[in-house]
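The exercises below ask for side-chain contacts and strand pairing to be worked out from coordinates. Please look through the structure before reading each solution.

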Amino acid sequence: WAMRYGEPTVASALDRLKSAGCSRILVVPLYPQYSVSTTASAMDAVNEWARRNPQAARIGTIESFHEEPRYVSALAASINTHWMDYGRPDKLVMSFHGLPRVSIERGDPYYGQCLESGRLLAAELGLAEADYAITFQSRFGPAEWLQPYTQATLEALGRDGVRRVDVICPGFVCDCLETLEEIAMECKEAFLAAGGTEFRYIP
């Protein structure tokens, strides 16, 4: 394993595999939905190493797994386990990391892949369209980002009398501090302030 912006670096991980005699390497960026800003950035680091080591190994990649049945089933298992402990909410919010809308207009497939992941997850859970919402988080700067925005959606749900929401972030294979602070803390506070009564983050 390797970190795009940390240790061990992508190059050092590939160096270890090269030293171990690996002749075929499969790279899996752990972003389920492909985006130039994430997946392609990871592959830039891989390609840079490959240019410096042209004879080292044959490198293959899995560029996305947004509709992989085992990915969808794993998400559904997390949600069902949570619901066995706490019961079902009035609304499930699937919050994906946002991108500037201009990225999608330039051909990035991320938005469509997020919608497809959400649709497949809802189908796996047997949810009707009214039972869930797909939103986008982590917006910053003046440009328009992918909508609907997560916090604004949660505030609207609270004002509309939705008492309980559960939120999961299916764009990550594991939770990070940024997500936990923004969603499990800030968005929870916003939902409750808008009139909601119960907010749970599904790990």
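**Exercise 1.** With which residue does Glu48 form a salt bridge, and how far apart are the closest N and O atoms?

Solution. The model is a predicted one, in which local features need pLDDT of at least 70 and side-chain atom pairs count only at pLDDT 80 or more, while totals for chains, interfaces and linings use all residues. Residues are numbered from 1 along each chain as its sequence is written, and side-chain values use heavy atoms, with hydrogens and water left out. A salt bridge requires a side-chain nitrogen of Lys or Arg within 4 Å of a carboxyl oxygen of Asp or Glu. Glu48 meets this criterion with Arg51, the closest N and O atoms being 2.8 Å apart. Both residues belong to helix H2 (residues 39-52), three residues apart, about one turn of the helix; helices (H or I, at least four residues) and strands (E, at least two) are DSSP runs, numbered from the N terminus. For accessibility, buried means under 20% relative accessible area, exposed over 50% and partly exposed in between, with a 1.4 Å probe and protein chains only. Glu48, at 33%, is therefore partly exposed, whereas Arg51, at 57%, is exposed. Finally, a network of salt bridges links Glu48, Arg51 and Arg52.

**Exercise 2.** Classify the ring pair of Tyr111 and Phe136, and state which elements the pair ties together.

Solution. Rings of Phe, Tyr and Trp (its six-membered ring) pair if their centres lie within 6.5 Å, and planes under 30 degrees apart count as stacked, over 60 as edge-to-face and the rest as tilted. By this rule there are five aromatic pairs. For Tyr111 and Phe136 the centres are 5.6 Å apart and the planes stand at 35°, so the pair is tilted. Because Tyr111 lies in helix H5 (residues 110-125) and Phe136 in strand S4 (residues 132-137), the pair ties together parts that are 25 residues apart in sequence. Tyr111 is partly exposed at 24% relative accessibility, while Phe136 is buried at 2%.

**Exercise 3.** In what order do the four strands of the open sheet stand, and which strands are at its edges?

Solution. Two strands pair if DSSP finds at least two bridges between them. The order is S4-S3-S5-S6, with parallel pairing. S4 and strand S6 (198-201) each have a single partner strand, so one side of each is left without a neighbour in the sheet. Strand S5 (residues 164-168) pairs with S6 over four bridges, and Val165 stands opposite Phe199 in S6.
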